[in-house]
Amino acid sequence: MPAKTGKEYIDRVDKAKANVWINGEQVKDKISQHPAFKGVMKTQAELYDLQHDSAKHDIMTYISPTSNERVGTSFMQPRTKEDLEKRRKMIQEWARHNNGMMGRSPDYINSGMMAYGTAADMFGTQDSAFAKNMKDYYELCREKDLSLTHTLIQPQVNRGVSAAKLPDPYIAARIAGKNSEGLIIKGARLLATQGGITDEIMVFPSTLLKQSEEENPYAFAFSIPNNTPGLKFICRESFDYGKSHFDHPLGSRFEEMDTIIVFDDVVVPWNRVFAYGDVGICNQAYNESNAVVHMTHQVVSKNIAKTEFILGILQLMVETINIGQYQHVQEKISEVIIALETVKAFITASEANAKVDKWGMMTPDFTPLNIARNYYPKIYPRFSEIMQLLGASGLMAIPNEADFNSELRPDLDKYLQAANGGAYDRVKLYRLAWDVCMSSFGSRQTLYERFFFGDPVRMASALYNGYDKQEYVDRVKEFLNRTENLAEIN
Ligand SMILES: Cc1cc2nc3c(=O)[nH]c(=O)nc-3n(C[C@H](O)[C@H](O)[C@H](O)COP(=O)(O)OP(=O)(O)OC[C@H]3O[C@@H](n4cnc5c(N)ncnc54)[C@H](O)[C@@H]3O)c2cc1C
Ligand SMILES: O=C(O)Cc1ccc(O)c(O)c1
């Protein structure tokens, strides 16, 4: 089956009828028609349709090695630097369509799945069947163009103790048993973005579990369809308030939703289990497979498009009310330009220094990507701050579409006109800026960029601990010694 169309995406998710709860009610009818999900599912369908755009077809798809059909490029196992470039171009096609506002467009997890599937043998050290399961699952995702959500994090109850030490050992999802059909899982996980609007869920280990017997039941890696019996998605309030694109330009299109996942004795079929009960394998999977590298390559490629969009909005605001002559304004916009060129340089460096890894994948150099994923969570909140600092009252003088369609129009046209543009266009732009830096959608974006790839504090620790600093320490020591020698001569 070739890469799917938008309609196929929607039909499949509607038909699956996963157990999704929002505002105290279960979604009973077609989820694509539900006000909370309608806008984002339409956008996601547009992404899939780009795979069939004849002008983009060569970038968006490639020939599957097994079926000979054209399948999605984010599943492509890169063998050459050109393959990496093609992956990046595909990712950026999708990212430009949503302006980087959909962090979990399916290419994110597809990139991880591609790496896990290529490195499948690592799962075979536990049981050779698991390696086959992983490889088969990757191929299934590729051939059926499955969309995946994922959940890695244990509930935020008490971060000072391990999950086994919580008041009930089944708060965090754990193995509750096994039978001839599969593993039985009970408990909860966080925080599956795009929870109800994808085909399947990847339930992988979070980065680190302690190496101890009592942690083993919390160690597993599997993927199952979202409509598996016993699986429940609990949504937060939707930030798509059903308003027009004029009123909520981002929330009405890109509201991905975040969900809490509850497993009520979910049976995970054996052919969908990739690892279980082995903390060692689970802790290694992300790094050893290089999934982290390919996922970061997707993230940084996407964030180039996001930063370009932010820069475009800011510059249009500057031109609209004519503030470009002020030095502090120029300096603030320059901060965004510097960030944009920095993330672009990180991607270029990562691809230029790519090497074939032990699984045969052409793998970007992780160091620049690792720096980028430590940098962006710090700089993105600054973009939002800059937008507020340059927007000022303009971010609140934003009557909505109904006001423009009312008898207020002459007042609005007169008092909200701008140096470069009429009132309607000016408010349209400032409502967009508001949706980036002020609305519930916008503040979620900021929280997302801070945390979606893990706790930034622990990411920085990992960078500190993994970065080879010795050469520089030695140079300083050598310099200090050199000074002493000079003192001796005198
Ligand atoms: C919008 C959004 C979308 C997300 N989407 C997904 C998704 O699709 N799938 C998914 O699996 N996850 C998702 N996440 C979860 C994300 O991976 C986590 O937020 C991230 O890993 C941090 O974990 P936490 O939220 O449990 O924070 P916690 O670990 O609870 O941290 C809370 C605070 O305590 C501090 N802290 C806690 N423990 C330690 C420690 N051991 N050492 C030092 N400091 C500590 C942290 O620094 C932080 O300040 C999403 C998160 C957000 C905000
Ligand atoms: O496992 C972790 O702690 C970090 C992590 C990695 C990738 C993600 O998508 C995510 O949400 C969290």
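The tour goes from a helix to its cysteine, and then on to an annotated site.

Before the first click, note that this is a predicted model, where local features need pLDDT of at least 70, side-chain atom pairs count only at pLDDT 80 or more, and totals for chains, interfaces and linings use all residues. Residues are numbered from 1 along each chain as its sequence is written, chains are lettered from A and ligands numbered from 1 in the order in which they are written, and side-chain values use heavy atoms, with hydrogens and water left out.

**Stop 1: helix 6.** Select residues 128–144, the 17 residues of helix 6. Helices here are DSSP runs of H or I with at least four residues, and strands are runs of E with at least two, numbered from the N terminus. From first to last C-alpha, helix 6 reaches 24 Å, close to the 24 Å expected at 1.5 Å a residue; the expected span is 1.5 Å times one less than the number of residues. At its start, a side-chain oxygen of D127 comes within 2.8 Å of the backbone nitrogen of A129. Just after the helix, D145 has a positive phi of about 50°.

Now colour by accessibility: the buried residues of helix 6 include F130, M134, Y137 and C141. Buried means under 20% relative accessible area, exposed over 50%, and partly exposed in between (1.4 Å probe, protein chains only).

Stop 2: For C141, the nearest cysteine sulfur is that of C282, 18 Å away. That is too far for a bond. C141 is buried at 1% relative accessible area, and C282 is buried at 3%.

**Stop 3: the annotated site.** Next, select T151 and L152, which are among the residues that an unreviewed UniProt entry annotates as "binding site". UniProt positions follow the numbering used here, feature names are shortened, and annotations may be inferred rather than shown by experiment.

T151 sits in strand 5 (residues 148–151) and is buried, with 0% relative accessible area. A polar atom of its side chain lies 2.5 Å from the backbone oxygen of L190. Leaving aside neighbours within four places in sequence, T151 has contacts (heavy atoms within 4.5 Å) that include R189, L190, F204 and F263.

Step along to L152, in the loop between strand 5 and strand 6 (174–178). L152 is partly exposed, at 23% relative accessibility. Beyond residues up to four places away in sequence, L152 touches R189, L190, F204, P205 and S206.

Methods
Polar contact = N/O pair within 3.5 Å; in protein donor to acceptor, adjacent residues only side chain to side chain. Disulfide = S-S within 2.5 Å.
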